Amino acid sequence: MNQEFMGIKMLANQGNLEAIFSLGVCYENGIYTEKNEKMAFYYIEKAANQGLPLATEMLAGYYLKGFGVEKDEKKSFFYQKKAVELGRSESIWQLARMYEFGIGVDADENEAFYYYKKAVDAGDVLAIDSLSKCYREGIGTAPNFEKAEELSSLFRDVMNSMKS
């Protein structure tokens, strides 16, 4: 076995949270070891249950896709919301989508709008386009075409600046 992998495994066995998470990532991506979805799930779940926000977000994705575990949209929603509660701002947009499309939870346009707005406030570029759609189509809010166009313009500007 790879020496780096053995070192990470030793630290994980001693309870080191970063090492536990790193083992999950190693198994997920085949770093220093063979890919193993079940082992990836085991270690990411262990890190998530110890409160690591990124692991919690990843666990939501595992449940959503059925990666290393049986697909379960309700559990995916639970962990996505928990990741947001733990301060993982990158999870807010996905939580909003789950509310909008009823993934793991009853669809709720008001909650979707709330979380899209929160994601924009947190600096999520994709959420700008989603929030624009909410204003354009009246999802969780009264239609406001002026605000929708303002956000669409901002989204285009941000995307164009990323290409440069």
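This briefing walks you through the helices, cores and aromatic pairs of the structure above. The model is predicted, so keep in mind that local features need pLDDT of at least 70 and side-chain atom pairs count only at pLDDT 80 or more, while totals for chains, interfaces and linings use all residues. Residues are numbered from 1 along each chain as its sequence is written, and side-chain values use heavy atoms, with hydrogens and water left out.

**Two nonpolar cores**

- A nonpolar core is a set of buried Ala, Val, Leu, Ile, Met, Phe, Trp, Tyr and Cys residues joined through side-chain atoms within 4.5 Å. Buried means under 20% relative accessible area, exposed means over 50%, and partly exposed is in between (1.4 Å probe, protein chains only).
- The largest nonpolar core has 24 residues, and Leu95, Tyr99, Tyr115, Tyr116, Leu131, Cys134 and Tyr135 touch the most other members.
- Two or more residues of this core come from each of helix H5 (73-85), helix H6 (92-101), helix H7 (109-121), helix H8 (125-137) and helix H9 (145-163). Helices here are DSSP runs (H or I, at least four residues), numbered from the N terminus.
- Another core lies apart from it and holds 23 residues, among them Tyr27, Tyr43, Ala47 and Tyr79.

**Helix H3**

- Helix H3 covers residues 37-49, which makes 13 residues. From its first C-alpha to its last it reaches 18 Å, close to the 18 Å expected at 1.5 Å a residue; the expected span is 1.5 Å times one less than the number of residues.
- Which residues of H3 are buried? They are Ala40, Phe41, Tyr43, Ile44, Ala47 and Ala48.
- A handy rule for reading such a list is that an α-helix has 3.6 residues a turn, so residues three or four places apart point the same way.
- The cover over the buried residues of H3 includes helix H1 (3-13), helix H2 (17-29), helix H4 (53-65) and H5.
- Gly51 follows H3 and has a positive phi, near 95 degrees.

**Helix H6**

- H6 is largely enclosed by the rest of the structure, because eight of its 10 residues are buried.
- Those buried residues are Ile92, Trp93, Gln94, Leu95, Ala96, Met98, Tyr99 and Glu100, and what covers them includes H4, H5, H7 and H8.

**Aromatic pairs**

- Rings of Phe, Tyr and Trp (its six-membered ring) pair if their centres lie within 6.5 Å; planes under 30 degrees apart count as stacked, over 60 as edge-to-face and the rest as tilted. This rule gives 12 aromatic pairs.
- Phe41 and Tyr62 form a tilted pair, because their ring centres are 6.5 Å apart and their planes stand at 40 degrees. This pair links distant parts of the chain, since Phe41 is in helix H3 and Tyr62 in helix H4, 21 residues apart.
- Phe41 is buried at 9% relative accessibility, and Tyr62 is buried at 4%.
- Tyr42 and Tyr43 make an edge-to-face pair, with centres 4.8 Å apart and planes at 85 degrees. Tyr42 is partly exposed at 40%, whereas Tyr43 is buried at 7%.
- One aromatic cluster is formed by Phe41, Tyr62, Tyr63, Phe67, Phe78 and Tyr79.

- Contact means heavy atoms within 4.5 Å. Not counting residues up to four places away in sequence, Tyr135 touches residues including Phe113, Lys117, Pro143, Ala148 and Leu151.
- Ser130 sits in helix H8 and is buried, with a relative accessible area of 12%. Leaving aside neighbours within four places in sequence, Ser130 is in contact with Trp93 and Tyr116.
- Ala148 belongs to helix H9 and is buried at 3% relative accessibility. Its contacts, again leaving aside neighbours within four places in sequence, are Ser132, Tyr135 and Arg136.
- How far apart in space are Ala148 and Tyr43? They are 42 Å apart, C-alpha to C-alpha, and 105 residues apart in sequence.

**Cysteines**

- The structure holds zero disulfides, a disulfide being a pair of cysteine sulfur atoms within 2.5 Å.
- Cys26 is buried, with a relative accessible area of 5%, and Cys134 is buried at 0%.
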